[in-house]
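I opened the notebook to look up how the inside of this chain is put together. I also wanted to check a few backbone angles.

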Amino acid sequence: ALPIFMRSKTCVCLGSGGGFIPRLMTQARLDLHRQEIFEGDASHNWGNIGETYVVDAMNGIGGHVDWFKEESFFRTWFQPRILNTTTEDAFHNYFVLNDIKIDFLHIDAGPSYESVKEDFELYTQLYYENGIITIHDTDPNYADKYLITNEVKDRGDFDDWTGPIKLVSEIDETKYEKLNLFNFGIVKNKPASTGLTILRKK
């Protein structure tokens, strides 16, 4: 709904294990063309209706992707522009070099505070005035209640994903409108989401 309401053409997703968010970004742009709001060539990423970028180093940090093969459903049907590198490298050596400005930015790459803060500080430099930013995994209630078995702790392969929570708590609300979509405990005895925060510059 967000890219449809905001008429987002250039959509960037930082990190995407299942490709779900960039699928929705592309579908929204196609729907805007069908509604004759976007005009011209409707080619997914090379026409006049904008493009969807996915930046993912695919190094296992923060999760694993399931769509990297060219014959995957995601790549076959939604045809994103994939940057198989770190978010920092993509920023300096692709987005800045190509003077790309972003209408809709979704941050869901490295889960550490240092990583998510760097992504926010870098990519908001490329952000259009009326653009939207979403940050995943921001609900502190979910993080506080999430149980980890001792075996996982002992193996040391659990990633601390509380970085987005800390970053969102530091957002200057004199500069950004902020909407937290948290649902922990709304439906008792059912799974909750990890939370999503929506930001827009004032």
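Entry one. I noted at the start that this is a predicted model. I then looked up the largest nonpolar core, and it holds 26 residues. Among those with the most contacts inside this core are Phe95, Leu105, Phe120 and Ile135.

Entry two. Which helix or strand gives the most to this core? I found that α5 does, with five residues. Other elements that supply at least two residues each include the strands β1 (10-14), β4 (102-107) and β5 (127-136), and the helices α4 (87-95) and α8 (163-169). I wrote down the general rule as well: in soluble globular proteins, nonpolar side chains tend to be buried together.

I listed the contacts of Phe95, leaving aside its neighbours within four places in sequence. The list includes Val12, Tyr53, Leu83, Ile100 and Tyr123.

I found another core apart from the largest one, with six residues. Cys11, Cys13, Phe104 and Ile132 are among them.

I turned to Glu36, in the loop between α2 (20-34) and β2. Its phi is near 65°, a positive value in a residue other than glycine. Is Glu36 buried or exposed? I looked it up: Glu36 is exposed, with a relative accessible area of 65%.

Asp137 sits in the loop between β5 and α6 (140-145). Asp137 is not a glycine either, yet has a positive phi of about 65°.

Definitions and conventions: Residues numbered from 1 in each chain as written. Predicted model: local features only at pLDDT ≥ 70, side-chain atom pairs only at ≥ 80, totals over all residues. Heavy atoms only, no water. Core = buried A, V, L, I, M, F, W, Y, C linked by side-chain atoms within 4.5 Å. Buried < 20%, exposed > 50% of the residue type's maximum accessible area, 1.4 Å probe, protein only. Helix = DSSP H or I, 4+ residues; strand = E, 2+ residues; numbered from the N terminus. Contact = heavy atoms within 4.5 Å.
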